Amino acid sequence: MATSSHIRFVLVVSVLVGSCLAVGVLPVAADPPEEPDHGLNASEFYPLWSHDEDANVSLNATAIRALANGTDISYSEPPREVQQWNQQDLEEFPNTGRQTSVYPEGTETTSSERGWITDAYTRLFAVQPSTRVFVSESRQPLYVPSEGSILGTTDFRVDLPEDDTSGSVRVFYDLNSAEIESVRAVSGARTIGTTAPSQTVQINYSGLQSGPHSVGVEAQIRIDVTKTTRTEVCSVDEDGNENCHWETETEDIDESVTVEDTRLVEQYSLLSTGYVTQYPNDDMGVVTKQNHPWAGLSLPGNDTANGVWGFYSGRETDWDSLTKTNPEGTETVSSPAQPLQVYAYPSTSQAELTTNESGFSQPEGELLQTQGEQRTVPKLPASVNVDVANQSYNVSSQLAVRHTDYAPDKVEVRGLVAGTSRELSPAFYTTVETRGTSLDSEVINSTSSTLRVRVELTDEAGQPVMTAGYDSRVVVEGTPVETNAAGTAIVTIERTEKRLSARYEPAPFWKRNPAYTSSTTAFYPPSSFGGNMWLLFSLILSSFILWIPVYMADKMLDLDIWPPWEGIW
């Protein structure tokens, strides 16, 4: 169930309500349901209905309802309420008899060879869990897991020829049975799930392989008809009298038609790889990379490393109206069943580390690095009003995080599809040892203009640390240098008469095993004539600055304290 912790609407209610009251917008032809239903409370129900017309605000509405009427509410994770709604709302689909067929407006229907079965169809109501992801203008896959459920509707009507009750040949049609004989979930020609046939079905599927697939519902409809032909046979006897009788011939006819509706999906699973390390101070380092766009990491405590993705829920507007057909004609009616779909979109330009703690708490860690392809932000439907990233965003395929609590078993990789989140798997993660380092430096030669400095880098056990070839370096007063296998390096820098420093900039822990922490050192240049003169000048200047106020105070206030050394000798 959704909670207020993952619905983003805390401080904007009054502002949006006030602004929307001044706007008069007519409702669209088909509106979402107005009251909570199917076991959802108000805070769970009202945020679900994006793809509606915003700015219809009632003064008597609750805060959450007023906000949902005035704008669209986004989520920080896929809302699971969508699945509950779809499962129960499917039961609202009209139950028709043999003379009536009801289908979403615009559905392509078909008929059997003789036309006795007509207005036949099957239609996907929802595939769930699933998320439609706005990756780019041209790529907007519908992600589904390898196991899920397909909800669908099937209907038809029977249109038998009228009985011919006149003449010498009379034909009668009796409908013995009319049924949806079978329903199955398909992926191409492969069956991935079955269920008992019905006008509305939920088919649990499994075994969907990686990659894009066409999945859907296939239904076979069959009727059994008895055709009775009565033929009047007349003959003339020897007396010239005509004798007539009726001969009856019956024929059992099976008429069937197969209907199908498919949707292009892409199987979604979190096949993450990465590295975990424990820093010498017991901090935890985690880096993970995903094969699909993903939501981020849940960290120990209430911290999260969120990618760029936000979520919203909107109804499938194809189901706003139904077409109803029967022998009397065709009419359009409002649909009592309106399925919902979860959407993901780039809500920020970069990943970020946040906390769910109340107040002004800060996350107990840092986001070390984000890597991923830079993409142009796609356009969302005009009916959707949520905050999107500006112009471009980073897909954040790889995130690296440092956290103060070493607890890899409490780290969860969060997917874009509900139910696809999972803990780190030791089978796919490399544990990296991270060691502390010590950096020493000394001036081994000096001139009036240069200093020749030797640095030595060792780990916490005193073993030399080599930087050459490991994407790391030691920087001595802005000059980079690489240590050799003995952990040493010599560099010549410009001479200055001040405290100097060097620092070790290690490679990221996921690029080296063992990895190392950073370290720094400070050193001073040896004394020189110029340096000594500068020191003397500094002392004289400091003394002058110190005693001038004393002298001025003695002259103005006649304190008789100047000179301060008077009376000492």
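Of the 569 residues in this protein, 44% are buried, where buried means under 20% relative accessible area, exposed over 50% and partly exposed in between, with a 1.4 Å probe and protein chains only. Please keep in mind that this is a predicted model, where local features need pLDDT of at least 70, side-chain atom pairs count only at pLDDT 80 or more, and totals for chains, interfaces and linings use all residues. Residues are numbered from 1 along each chain as its sequence is written, and side-chain values use heavy atoms, leaving out hydrogens and water.

How confident is the predictor? The mean pLDDT, which is the confidence in each residue from 0 to 100, is 89, and 89% of the residues reach 70 or more. Over residues 1-5, though, the pLDDT is below 50, and over residues 9-29 the pLDDT is below 50 too.

Now, the overall build. We have 5 helices and 34 strands; these are DSSP runs numbered from the N terminus, H or I of at least four residues for helices and E of at least two for strands.

Let's go inside. The largest nonpolar core has 45 residues, and L297, W309 and Y393 touch the most other members. By nonpolar core I mean a set of buried Ala, Val, Leu, Ile, Met, Phe, Trp, Tyr and Cys residues joined through side-chain atoms within 4.5 Å. Elements giving two or more residues to this core include α3 (63-70), α4 (81-89) and β12 (284-289). Apart from this core lies another, of 31 residues, with V171, I221, I253 and V265 among them.

β12 turns up again in an open sheet of 6 strands with mixed pairing, in the order β20-β23-β12-β11-β26-β33; strands pair if DSSP finds at least two bridges between them. Its edge strands are β20 (365-371) and β33 (515-516), each pairing on one side only. β20 runs antiparallel to β23 over 6 bridges, and Q371 stands opposite Q398 in β23.

The whole structure holds 15 aromatic pairs, meaning Phe, Tyr and Trp rings (the six-membered ring for Trp) with centres within 6.5 Å; planes under 30 degrees apart are stacked, over 60 edge-to-face and the rest tilted. Which kind of pair do F93 and W319 make? Their centres are 6.1 Å apart and their planes at 70°, so the pair is edge-to-face. F93 and W319 sit 226 residues apart, in the loop between α4 and β1 (101-104) and the loop between β15 and β16 (321-326) respectively. F93 is buried at 5% relative accessible area, and W319 is buried at 2%.

Conventions
pLDDT is the predictor's confidence in each residue, from 0 to 100. Contact means heavy atoms within 4.5 Å.
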